[in-house]
Structure formats: structure tokens, C-alpha cells
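Trainee: I would like to go through the aromatic contacts. Please give me the criteria as we go.

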Amino acid sequence: MPIDIDDFRKFKGGDPEKIRESERRRFHPVEVVDSIIEADETWRKLRGNNDDLRKQKRALGNKVRDLIKAGKKDEAAEARKNMKEANTQIDQKIKEQERIATEAAAKRDSLLHTIGNYVHDSVPVGDDEDKFNKIVRTWGLETKRGAENNDTKANPGGGKEGALLHHHELLSRIDGFEPERGVRVAGHRAYFLKNAGVALNFALQTYAQHFLSEKGYSLLQTPYFMDKKQMGLVAELADYNETLYHVETGHPNDSKYLIATSEQPICLYHAGEWLNEKELKEKPLFYGGVSTCFRKEAGKTGVDNWGIFRVHQFEKIEQFCVCHPEDSWAIHEKMIAQAEAFTLSLGLPYQVIAICSGELNNAAAKKYDLEAWFPGYVEVDTSKGHPHPGMRELVSCSNCLDYQSRAVEIRCGQPPSKHNKNASGHKGKKVYAHMLNSTLCATTRVICCILENYQTPEGVLVPEKLLPYVNPTFVKTDSKGRKHIPYLQEVKINYQKLKAEEGKKKKGKSKGKKGGDAKKK
């Protein structure tokens, strides 16, 4: 998904220094830009040389033809002999230069895929999200659960003496999942959702679809896997090792990958199409992606792995937009606003974060995260020096400009030509649509957030907006007349937490032993 190669070419109006500055903001090595320019110049020079050599071959052939026409047979025979010798040398030179040019082009294109999108000027510059991410706005955090003015005595939770429980403890109390059996069947971070857990999962999917449909989004339930070639157009190189699951089909030429988000297949929904510029300007294409998502989450450890917060398989409703290039920044704000409205409708306190430049993925020119309040995480976050204890990401919202559409050839407007001088292309170049994506609802994470914020001594209250979508079999009325999902069992032992604590103790003993050995020496 590279940026336009012409942006590296000054003679084509490109500005390599603009690319270097963007890469500096990403904390990428700017020397790569120079390597791309060098490889591209080598490729162009050798192609030009070979064109000249082919002209020489044609000139030699024309000379022989002219001599024959003039009746100069002896001279023509000599010229033909010389031509054969010259052509042999020229062909060898062309072949060698083509080899070098092919290698230069391969190097250029490979490096080109490491260059990120242009970082927008409003993105905070920094390479540490704990230090440089910027809080844009908040909602509900002043009266959040567990804050000083809203303690467990005034608003008790589901634990002993009103203590606030973690989401996985609450999910266990409502008999909503079976993690141990899930792990036994499918390995680490697998789970069975059960009864009320299933009800909440489907309720959130249905409500989220309804929410987007009312706002004019077209719903798309996408394929759950993609061909390797197609995935290569929309996935970043790091995704293959860290995120994507490879599916073996038994055929060497039929390689598949499970999707990590519906954004990936929707990127290709209009692949190869010319979209009507006027229509796109008047009515951007908004889609609500509905899918199960599959992620390796390689290298991710810690408390976020408890329960169903960070798992290998989950359902997600995604916002996706294809729009006119002039409108993408306004639509970016609109899409994060939709995510905020959805989160607010569920009564979940949140903050919107502008992600710093060094933490952007290559496709994003700017990204917002929406982090919601998880009171169960405050204690452990505080002990680890987390900059925003209790806040966890629910939404990621990115403007990818034409980075993705260029890879899959989604264009709008025709470039100027001899037959159409009034076309909308800029300086004879194709105009690519802009593409944006944003989470609306990753169901497992939202379930976790609802559980922690709506827990009571008797059960978990159901947010009013969600209530019509929840299977009524699992909804009861508590002692205060509120609709809730009641607890059906006591808190199970938190094996994940115990294992983490045991690991810390062993680590501490190991350090102490090393220190003691060092003193002896």
C-alpha cells in the first residue's frame, strides 16, 4: 500500500523532503527515501539506455534495408554481417541492463512499502504513547465508577463488601463464559461464551447494526478469509507474523488468511472501479462491516489477557467510508463522533486520544483511539505506573487518505486527456478516493466494559439502550426494580491472576538469588 512513486520524483512535481519529514515524525530511518530515489533513478536510466540500444538495432536494420532497395547488394551483405555482430553485443547489453533494472525496481518497490502515509500536521509528534498521546475530549469521567466521589459504599459492586470486580469475574458470576473449557478445546485465550454472555454478544451486534443503519450506513457481512494476493494489497508486512492466521487449503497455489478486521475485505469491495466523482462528492459511501475477527495478538501479555478483553476470536461492527479526497478530514471527525455517540448511548465513560506520530501504523495519516473506563483495572494500572489508570481502548479511528485505494485502484474522476480536457485529474494523474475506518463496537471488549461499570451486589444492570436487544430469558428485575442480569454463582478463583502473581514472586526470588550470588563473589 505505498504512496505514489511520483512523489519521490522532483521532475514530476514530487517533494522528497515532504516524505522525509513525514518519516522523521514516524521515527523511521529517512535514509530509506534516498535509497528509493537512487534505485528509481537507476531503473529509469537503464530503461532509457535500453530504449536507445533498441533504436540502434532498428537503425542498423533500416540501413541494410535501404542498401538493398538501392541495389547495393555487396554493401548490404557487409552491413548485414556487421549488424548481426552488433546486435549480438547490443542484446547482451540489453539483457544485462534489464537484469540490473529489474533488481533496482524490486529494491525500490520493496522499500516503497515501508514508507508510511503522510502524517497530518495535527498529529502529536512523539514515539512513546504514554508520553505523547494527547487527550482530545472526555465524557463521564468526573462521575465514573470507583472515583473518589463515587466510592464502593455509595455504589457497591459485585464483590465482598461491595468491592468492584474484574470483568472476567463478573462474567463468571453471571455464568456467561467457560474459559478453561475453551482453552482445552482451542488453546490459549480461547473461550466459550455461554447463556447471558451469548445474549450480550448478539445484543451488541444487533444494536450496533441498527445504530449504523439509522445513520445511512450500508451493512456488509464480509468473507472471513481472503486470498494471499488480495490480503497483500491491504495488510502491512508486520501483520503476517504478528496478527494474521494462515489457512492451509492443501493446494500450494491456494493460500488463505483469516481476516483480522472487516476493514480488510471492505477495502477491496470497490477494487478496480472508477467511482463517479460528482456522486461520491454528494454522497460518500458509508459501510457497516459485520464480521468475526481473528488475531494472533503475538507478544501481547499482561492483565489485558484476562477474560475476553484481548482474545484471538471476536465479533466486531466496523465503520468504513470511501469518499472524495476533499472530504476525508471532515469525515474522520464524523466517524469518531459516531463511535463516541454509540459509547455514550451505553453510558460508558470515555476519553478520545490523538495517537502520537511514532505509534501510527503505516496506512494511517492520523488516528484517534477511544478509551473507556474500566474500574477493575485501576489498582493494577496504578501499581505499574500507567499514565491513565483504568482506561482501555475500545475504538480505533483512522484516516488512510489514498494509501489503501491506490493499492487496490479505487479511483474517482478521470484524468485529463486529449478527448476530455475538462476531467478532474490533477496534472494528468489519476485521482484516488480516500478511505477511512473506525471501530464502532468490538463486542467482547464492550461486554467487559459494561460488566465493570454496571455491576451491583445483585447482578449486572443492562444499559437502557441495549435492553430491547437482549434475550429476555436472561433479564430479571432486581430489588430496586431495575433490569439486570443476576449473579448465578460466586466468584471463581482467578487462575490467570494467581498465575501472574506466582510469576512475579518467582521473578523476585530469582533476582534476589542473583543479587546474593553477586555479593558472595
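Mentor: Start with burial: buried means under 20% relative accessible area, exposed over 50%, and partly exposed in between, with a 1.4 Å probe and protein chains only. This is a predicted model, where local features need pLDDT of at least 70, side-chain atom pairs count only at pLDDT 80 or more, and totals for chains, interfaces and linings use all residues. Residues are numbered from 1 along each chain as its sequence is written, and side-chain values use heavy atoms, leaving out hydrogens and water.

Trainee: Why is Phe374 called buried?

Mentor: Its relative accessible area is 0%. That is under 20%, so Phe374 is buried. Tyr377 is also at 0% and therefore buried.

Trainee: What makes Phe374 and Tyr377 a tilted aromatic pair?

Mentor: Rings of Phe, Tyr and Trp (its six-membered ring) pair if their centres lie within 6.5 Å; planes under 30 degrees apart are stacked, over 60 edge-to-face, the rest tilted. Here the centres are 5.8 Å apart and the planes 55° apart. So Phe374 and Tyr377 pair, and the pair is tilted.

Trainee: Which residues form one aromatic cluster with Tyr207?

Mentor: Phe211, Phe342 and Tyr469.

Trainee: How do you know that a charge sits over the ring of Trp43?

Mentor: The test is NZ of Lys or CZ of Arg within 6 Å of the ring centre and within 35 degrees of the ring normal. The charged end of Arg108 sits over the Trp43 ring, 4.5 Å from its centre. Lys215 lies over the face of Phe211, at 3.9 Å from the ring centre.
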